Amino acid sequence: MANIGRRGFVKGATLGALAFTVGGAEIIMAAGEARARGVPFRLLDAHQGETLEALGETLVPQARESGIAHFIDQQLSVPPHESLLQVRIFNFRPPFAEFYRTAIAAVDEGSHKLFGRDFAQAPAADQREFVDRMRQNKIEGWTGRPAAIAYAVLRADAVDVVYGTMEGYEALGIPYMPHIPPEKRW
Amino acid sequence: MTNEKVDVVIVGAGASGSVYASVLAKAGKKVVVIESGPDWELSDLISSEIWGRRVKPAGGPILLEGKNPMGYANQAGWGVGGAALHYFANFPRLLPTDFKVKSEHNRAQDWPISYQDVAPFYDKVAREIGVSGDAKAEERWRPAGEAYPMPPMKTFRSGNIFLKGFEASGIPMVPAPVGMNSVEFKGRPACLYDGWCHVGCPIGALANPLVTYLGDARKAGAEVRALSTVTRILTNQAGTRVTGVEYYDDKQQKQTQEASVVLLAAWSAQNPRLLLNSATDKHAKGLGNASGLVGHFMMTHNVASTWAMFDEDVQNHMGTIAVQFMSYERYAKTSHPGAFGSSFVTAGFALKTSDLANSRGDLFGPELADYMKRAARNLAGIKTFGEDQPEMENRVELTSAKDEFGMPLAKLIHSYGQDPLALWNANLEEGLKIAKASGAKEAWSARGGAIPTSHLMGGTIMGAGAGDSVVDSYGQSHEIPNLWVAGPSIFPTAGASNPTFTIFALSQRGAERMASQWAALTN
């Protein structure tokens, strides 16, 4: 590969898992493991992380445990051309963090209007109703990208962490059959 | 910094640029290929949908507008191989009617060449890089040509299960031609049918440029400069010749590469962006743009997807991302009453978990989890590609926003007219009938959300002269003889077939022309 200069491009199967910072050192692990070990977020604050986990879990069961917030946080911390987030495929312009910040703020604002509390604190039935409204672009006063786009992107992120990994394939009984497997089975 | 002058500088290391690089390097020309993305190797192609996103652009320099924006980032390439590093390698061809739309239907415009001008190059490309299929079976719809060098690919239940329904609908299905190896070919192994084609095939069973034209070009001496972004095409003072390109290298240093010939092969949106950004006092509207047509007539196929859930296990994890069966039965431009344009019908393809989830984008929560379990065994699909019509207002134009090199971003404005929309609906309706006639327990059309788009064509269309087009049938600018353009941007109509086989064929034809006319071209 050519000299990549300042871009510092991540390349190669040996980097097939995410690098999380633990005690000042970078450790390669899957997003779910990072959550289980309580790895601090790089960019998200605790509330943003909690909200992403609640949204992810509502969209795809097991997204919380699979580390959706750690996955998004870690991916937002790398240069855009290294990011593996679905926003890349949705043709969003970097910085991608802006989309997540705006979406989380819009979700909380809408949740307060409907349920009088932050989304992460709402009962599961209310969270479900809210997400269904997002899907249909039926959140009054929603700002930023259309709610249905936010639904699609966040759902795709949740599908990634729950079903896009080798473990996700295994759970569905689908043979993964890789040519070059991702390291750390993710 | 100015580099030593070369014979040809090629902008873009994708499908078309790789063909030119190979043909010209083998002809003894000094070739430099400048590519904005990384220099991928086969070992980079990890079998993961998540990691596979690395070979696509992140925040590409194209903004999307219009009622039906094209799904740019998902379709585009980033790095050597371009979009052909992650393409599905479906190799249908355009048919004779695509070249004569104006003559036959008084719509759009004719190509300045006929099917027969391109046909020998389809055959040549097939021999060169390997195509699996059954040419005889296809010839019920198209003129005869050479047999494909390899037999058809294996089929699986996810494709075979639809044959009954197609037969009931009067649509004969034949093995789909693909740029993949059903058997070992020229030292490249046969396909393993594991469905990871779309994130890049690291074993070389799929004919991506790394294992075909670009590999050949490098062996013949072509130089590839990766992570280098061309921002302008340079001209002489009189504006009569191009002299090279300006680019930013992998250290983001500004460089100049002089060349006797400049070839733009940077895909349909970037080619016009570069021409428009290279305006001078002699070419105030952009290079090669006296007609004002640079950036216009952008086209993208619409995709009518039908999903079907069966009682039996259809083995949808097996196969390739390319389709197993195809038909030109609805290719005649008037196949669907009230919906002008060709349709290309396909069925049977491997599915990954994201495909399963996307097939019911409305589901979430426990309902999605339940659906995923069923879809993992029982889901299969039909996809029909519908022709887009060339419209002047569907265009690429520069914006006031700039990229990291100070080059204006482009916006790609695209809306479907009445005919493509009617065609999409007609194909969805027909797909649903076929799925039901195939015995599906449940069948539904993918109608939610935006209309899916696939492939990008137009922007620097070919034609007979500067009055109605940007380049001639070889890709040579009507106005500046040593400026050439390659790839789907030179298509004046879109047809409905996946375009890459035609891109390879037209590039082979253009490159051979350039080599044979070299003396006249460079004097």
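1. Buried residues account for 52% of the 186 residues in chain A. Keep in mind that this is a predicted model.

2. Chain A holds 8 helices and 2 strands. Along the sequence, the order of elements in chain A is β-β-α-α-α-α-α-α-α-α.

3. Take the contacts in chain A between residues at least 6 apart in sequence. Of these, 52% join residues at least 24 apart.

4. Now to chain B and one histidine. B:H86 sits in the loop between α2 (72–75) and α3 (101–105) of chain B. Is B:H86 buried or exposed? The cut-off for buried is under 20% relative accessible area. B:H86 has 4% relative accessibility, so B:H86 counts as buried.

5. Which residues does B:H86 touch, leaving out those up to four places away in sequence? They are B:V55, B:K56, B:N74, B:Q75, B:A76, B:G77, B:C197, B:H198 and B:G200. One of them, B:K56, is 30 residues from B:H86 in sequence. In space, B:H86 and B:K56 are 8.5 Å apart, C-alpha to C-alpha.

6. B:A76 is also among the residues that B:H86 touches. Here the detail is polar. A polar atom of the B:H86 side chain lies 2.7 Å from the backbone oxygen of B:A76.

Methods: Residues numbered from 1 in each chain as written. Chains lettered and ligands numbered in written order. Predicted model: local features only at pLDDT ≥ 70, side-chain atom pairs only at ≥ 80, totals over all residues. Heavy atoms only, no water. Helix = DSSP H or I, 4+ residues; strand = E, 2+ residues; numbered from the N terminus. Buried < 20%, exposed > 50% of the residue type's maximum accessible area, 1.4 Å probe, protein only. Contact = heavy atoms within 4.5 Å. Polar contact = N/O pair within 3.5 Å; in protein donor to acceptor, adjacent residues only side chain to side chain.
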